[in-house]
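Colleague: I would like to learn how to read the contacts between aromatic rings in a model such as this one. Could you take me through them step by step?

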Amino acid sequence: MSHIVQTAWSNPGGFSRRLAELPSEPHALATALENILIHVGIAHAEGSGVPERARNDASARTLFRLLETAVARDPRPLTERRAPTDLLYGTCRDFALFAAGALRSAGVEARIRVGFADYFSPGFWDDHWVCEYRRGGDWKLFDPELGPRMRNRFGVTFNIADLPRRRFMTGARAWQAVRAGTLDPSTLGVSAIGISGAWFAAGSLLRDAAALAGIELLPWDSWGPAAEAVRRRTVAETDLAWFDSVAGAFAHPPSTRAAAYALLSGFPGALPGRTVLSVVDDKLAEQPVI
């Protein structure tokens, strides 16, 4: 299956016409997304915090639900700037899901990539989700969270529609670097809340592979051996070789969603079931994948 087809998570359903209001040119799309969506971490850093009614926005699993919420709060075109109380308060995953959905809607092959970026916290690789799209036969990385305000905030000068590969590590690359001893696992995770480690890289590896297979879950979802790593905050010795094999298989991702799904299916426990281990109200709990 081509990456031009919407997934169960990016399908806008009855909001397809509203999604089509967003531009398909990456720079314009990133600008438009700043009008309707803000990262919860940025909201807290700027002192405004998250409004009570938006407290569960980041837990929305589908683009349909995000669009439904956005339109209910402000029915104007999605390119119009919302008041702070009418914004969606999400994560980088939501920016990536919006971008992938909008590009697919416009006939552009797009897929979500999960990994780590080095441009938010000096000396640290922060958990980050971006969008990868095909142009002229090549896959290019696009960071849809880097609209004008965010570029200014973090001093970003590179082309956000052709993100330098050296500034973003996929889950597979990060795991391989940790295992090779070229990346200190304490410099990889979520700097804002002080979590890091090889166990985090293991989870990102599976989340990236799943996204390539068209399973676009939440940043705090885990399953299989990665779920056990989350519980223990360490990767079991007996699982190291398993993660090595998955990373090797996805270091150079398959070109189609179907091929990625088939490849992931070959590793017992690599595909999520009907539920995943997730974070709900700061506690681990089983949640449905959609």
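**Reading the aromatic contacts**

Modeller: Let us begin with two side chains, bearing in mind that the model is predicted: Trp242 is buried, and Phe267 is buried too.

Colleague: How many aromatic pairs does the structure hold, and what geometry do Trp199 and Phe200 show?

Modeller: There are 10 aromatic pairs in the structure. Trp199 and Phe200 make an edge-to-face pair, with 5.5 Å from centre to centre and 65° between the planes, and this counts as edge-to-face because the angle between the planes is over 60 degrees. Trp199 is buried at a relative accessible area of 9%, and Phe200 is likewise buried, at 6% relative accessibility.

Colleague: What arrangement do Trp242 and Phe267 adopt, and which parts does the pair tie together?

Modeller: Trp242 and Phe267 also form an edge-to-face pair, in which the centres are 6.5 Å apart and the planes stand at 80°. Because Trp242 belongs to helix H10 (residues 240-250), while Phe267 lies in the loop between helix H11 (257-265) and strand E9 (275-280), the pair ties together parts that are 25 residues apart in sequence.

Colleague: Which residues form one aromatic cluster, and where does the charged end of Arg207 sit?

Modeller: One aromatic cluster is formed by Tyr119, Phe120, Phe154 and Phe158. As for charges over rings, the charged end of Arg207 sits over the ring of Phe200, 5.7 Å from the centre of that ring, and Arg111 lies over the face of Trp139, at 3.8 Å from the ring centre.

Technical notes: Residues numbered from 1 in each chain as written. Predicted model: local features only at pLDDT ≥ 70, side-chain atom pairs only at ≥ 80, totals over all residues. Heavy atoms only, no water. Phe/Tyr/Trp six-rings, centres within 6.5 Å; stacked < 30°, edge-to-face > 60°. Buried < 20%, exposed > 50% of the residue type's maximum accessible area, 1.4 Å probe, protein only. Helix = DSSP H or I, 4+ residues; strand = E, 2+ residues; numbered from the N terminus. Lys NZ or Arg CZ within 6 Å of the ring centre and 35° of its normal.
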